[in-house]
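Hi,

Here is the structure I promised to pass on.

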Amino acid sequence: MVYAYQDVKTSKKSNRLGETLSNLLNIQKPYQKYNTASTHDWNTLNIHEDKANTPTMSPKEDISHQWRDIHGIQEWEGLLDPLHPLLRREIVKYGEFAQATYDALDFDSFSEYCGSCMYNSHKLFDKLGLSKSGYKVTKYIYAMSHIDMPQWLERSRLTYTWSKDSNWIGFVAVSDDEESRRIGRRDIVVAWRGTVTPSEWYENMQRKLEPIGHMDSKVEHGFLSIYTSKSDSTRYNKSSASEQVMKELKALVEFYKSKGEEVSLTITGHSLGGALALLNAYESAANFPKLPISVISFASPRVGNIAFRDELYQMGVKILRVTVKQDLVPRMPGIVLNESLQKFDDFTGTLEWIYTHVGAELKLDVRSSAYLKRGFNFIGIHMLETYLHLVDGFVSTSSTFRSNAKRDVALVNKACDMLVDELRIPTCWYQLAHKGLECNSYGRWVRPKRDPEDIPSPTREEHSHC
């Protein structure tokens, strides 16, 4: 399933599922339009008009002596509530890498490249406004699945497509010299893409827990299938997503270690991408036992059982989960059969068959922002841009949304309808001009040919680190 920015629609089935889950979780759904005069902080909304001519980013600060704390060496104790400003900036940085996996996805079902990245790895950050991030992409990752996951792959309507089996699922990037000096080490990043309609894969997450590793750790079958599936008959998944990313990580770690540099691995992802990030962290920790590994995930569902959680802790993986109180996805799978049952351990045993979350949690609330609508918008609440907006404005659970938040509020409405009407930001505005059509020299509207360098190739090497 791809992150479809065009005309996001919730099916009747999704609506029914949303109602069922909402009732089960006692979530109030005030669909009626609320009284804006009494609900909104008008001063905050007016500030938005004044910000139009101000930068959307703060100056980068040197964190070279604090990076271990910022990346969870002490499990982020004392840094989350109130949220440390330096940590806030780093969370947003990694979140924007995860967002890039959505923004660059070709989701047009009429495109022969549907499900691929629209740009090659050397152009990706420039095209998405991330050229000042201080990182460069070294590798694209492709994934497939051997299980039936409805719409996991957005099928092109054309007979001829770039791939009938695989989908672009993320990338590996590495910090450049200047950014490495600022952050105190050479940082390798893996960003994993997720999905937009969690209700469509909800039922697929209620499958059996499947063993991983050599101990009692078990993870959700569907997530593991996406991470490990491969087939000799495919062009892009003769090796699995797992094999692709681990091969690249091995090359990068060895290269920079051989130069005497300190190296870290930060893995990020949203929704399904957060689940894949945990699987990637588990495998990376087993292969690089002394490498500092952190996971910063957004809206991640539960992935595995208690043994999986404990093994990640024992291997030293640091995990920060960013969640939104009103988002249903972090409560899945195992809405009932989850870590809350651990209190009955004396009666139930080791509970190898239940799901549990891992790591520290930064919990946000949609109601903290005067820019956001209050109704229960299942899709909008789950969007990564909504998460990044809330992170950018969060100070503490006892403080209001910060008035000096930097990120452009308009980004929230890229693919949903979450911003209050008073801001006059169109809904689902992130799309190609003229929906991808161009007027040729004869005055006819046609679908342009993709630049040869941007056409996916299973043989093209993206490496630029050595």
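Below is what turned up about the aromatic rings.

Before that, some housekeeping. This is a predicted model, where local features need pLDDT of at least 70, side-chain atom pairs count only at pLDDT 80 or more, and totals for chains, interfaces and linings use all residues. Residues are numbered from 1 along each chain as its sequence is written, and side-chain values use heavy atoms, with hydrogens and water left out.

Searching the whole structure gives 14 aromatic pairs (rings of Phe, Tyr and Trp, the last by its six-membered ring, with centres within 6.5 Å; planes under 30 degrees apart are stacked, over 60 edge-to-face, the rest tilted). One of them is Tyr94 with Phe97: the centres are 6.2 Å apart and the planes at 70°, so this pair is edge-to-face. Both sit in helix α5 (residues 85–103), 3 residues apart, which is about one helical turn. (Helices are DSSP runs of H or I, at least four residues; strands are runs of E, at least two; numbering starts at the N terminus.) Tyr94 is buried at a relative accessible area of 0%, and Phe97 is buried at 1% (buried is under 20%, exposed over 50%, partly exposed in between, with a 1.4 Å probe and protein chains only). Tyr94 and Phe97 also belong to one aromatic cluster with Phe125, Tyr135 and Phe171.

There's a charge to look at too: Lys414 lies over the face of Tyr430, 4.8 Å from the ring centre (this needs NZ of Lys or CZ of Arg within 6 Å of the centre and within 35 degrees of the ring normal).

Cheers
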